[in-house]
Amino acid sequence: MPPTAVVFVGPAASGKSTLTRAYGEWLVRNGYSVAVINLDPAVKRLPYKASIDVRDLVRAEELMEREGLGPNGALVRALEIAAEELSKLLEPLSNGLGGVDYVLVDTPGQMEVFLTRDISTALASELGKYCGATLALFVVDASFVGRPADYAFTLLLAIATQLRMGVVTVPVLNKVDSVSGEALSKFTGDLISEYGTLAKLLGGEGSTYSEMLEEVLEVIARYGKATAVPKVSALTGEGLEDLHRLVLEVRCGCGDLT
Ligand SMILES: Nc1nc2c(ncn2[C@@H]2O[C@H](COP(=O)(O)OP(=O)(O)OP(=O)(O)O)[C@@H](O)[C@H]2O)c(=O)[nH]1
Ligand SMILES: [Mg+2]
């Protein structure tokens with residue numbers, strides 16, 4: 001059976017790489033075989049062993065020296081090179097990386113660079129060739145649920161990711177270990193079941209920005225996948241079972257929007 005691909009996308013430092021490792025280890029502990037792909041050409045140290053590593057092709061740091069680029073310019077250039085060479089880089093997927101059940105893909109911290117360049121669409125297309133289903137997990141820092149306007153904005157980014165990559169993208173709240181239960185009790189992050197709560201919280205903020213987001217919320221609810229948002233900790237392993245349940249649910253339901 002072809003593998004299921006899970007792509008970790010999200011704002012800088014939300015825990016994509018740590019969660020990639022934690023979910024990968026959880027899968028292995030539960031009897032699945034897993035391969036991890038690193039697509040961040042700027043990362044220095046990875047918390048997991050990558051089966052495919054974009055840094056074997058290009059490193060942002062080397063481009064800074066060789067081409068005299070700044071950190072962002074080097075990342076843009078590195079991702080351009082990676083997009084051109086992506087089918088070669090991902091060639092080991094053609095035999096399912098030796099028949100693994102899951103392929104986990106870790107993406108760069110500068111999410112907007114990743115999403116606005118060819119690499120994101122090229123990735124979805126390459127994964128689509130070799131994987132039975134592809135979905136994206138949009139990793140959000142759990143402290144955001146205590147800031148309704150910020151949280152609604154990140155949900156919008158998750159929808160933008162879905163639109164851009166053409167694969168179902170669902171939010172995941174990470175770092176719940178560092179958020180108090182009280183903060184999560186007002187609003188748990190589930191947009192569909194708690195649509196009214198989030199809309200009310202936004203309305204209560206009373207700024208033009210939050211009013212605007214309240215309207216945007218309707219769009220998010222229309223296009224977002226109606227799933228419960230898993231609350232996980234990549235550090236303690238809390239909630240990974242719920243995350244896996246979500247992955248299975250999305251895989252059964254669709255996988256690909258193209
Ligand atoms: N408390 C807590 N910290 C976490 C958790 N997951 C990640 N972190 C920490 O958050 C920081 C960023 O984690 P990364 O996994 O590097 O995040 P990332 O999204 O891959 O970061 P970039 O690739 O640089 O955008 C690190 O210090 C992690 O140890 C978590 O579940 N709980
Ligand atoms: Mg990372």
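1. Basis. The model is predicted: local features need pLDDT of at least 70, side-chain atom pairs count only at pLDDT 80 or more, and totals for chains, interfaces and linings use all residues. Residues are numbered from 1 along each chain as its sequence is written, while chains are lettered from A and ligands numbered from 1 in the order in which they are written.

2. Overall build. The protein chain holds 12 helices and 6 strands (DSSP runs numbered from the N terminus, helices being H or I of at least four residues and strands E of at least two). Its radius of gyration is 18 Å, close to the 18 Å that the globule rule gives for 258 residues, so the chain is as compact as a globular protein of that length (the radius is taken over C-alpha atoms, and the rule is 2.2 Å times the number of residues to the power 0.38). Along the principal axes, the C-alpha atoms fill a box of roughly 50 × 45 × 35 Å.

3. Ligand 1. The shell comprises 16 residues, of which G15, K16, S17, T18 and G109 come nearest (a residue is near if its C-beta atom, placed from the backbone, lies within 6 Å). Helix α1 (residues 16-29) gives the most, with 3 residues. By class, the shell has 4 nonpolar, 8 polar and 4 charged residues (Ala, Val, Leu, Ile, Met, Phe, Trp, Tyr, Cys and Pro count as nonpolar, Asp, Glu, Lys and Arg as charged, and the others, Gly among them, as polar).

4. Helices α8 and α11. The axes of α8 (residues 148-165) and α11 (residues 208-223) come within 9 Å and cross at roughly 40 degrees (axes are lines fitted to C-alpha atoms, for helices over the stretch in contact, with angles from 0 to 180 degrees between N-to-C directions). The two helices are therefore oblique to each other (under 35 degrees is roughly parallel, over 145 roughly antiparallel, 65 to 115 roughly perpendicular, the rest oblique). The residues of this contact comprise 12 nonpolar, 2 polar and no charged.

5. Helices α10 and α11. Helix α10 (residues 195-205) packs against α11 at about 165 degrees, with the axes 8 Å apart. That makes α10 roughly antiparallel to α11.
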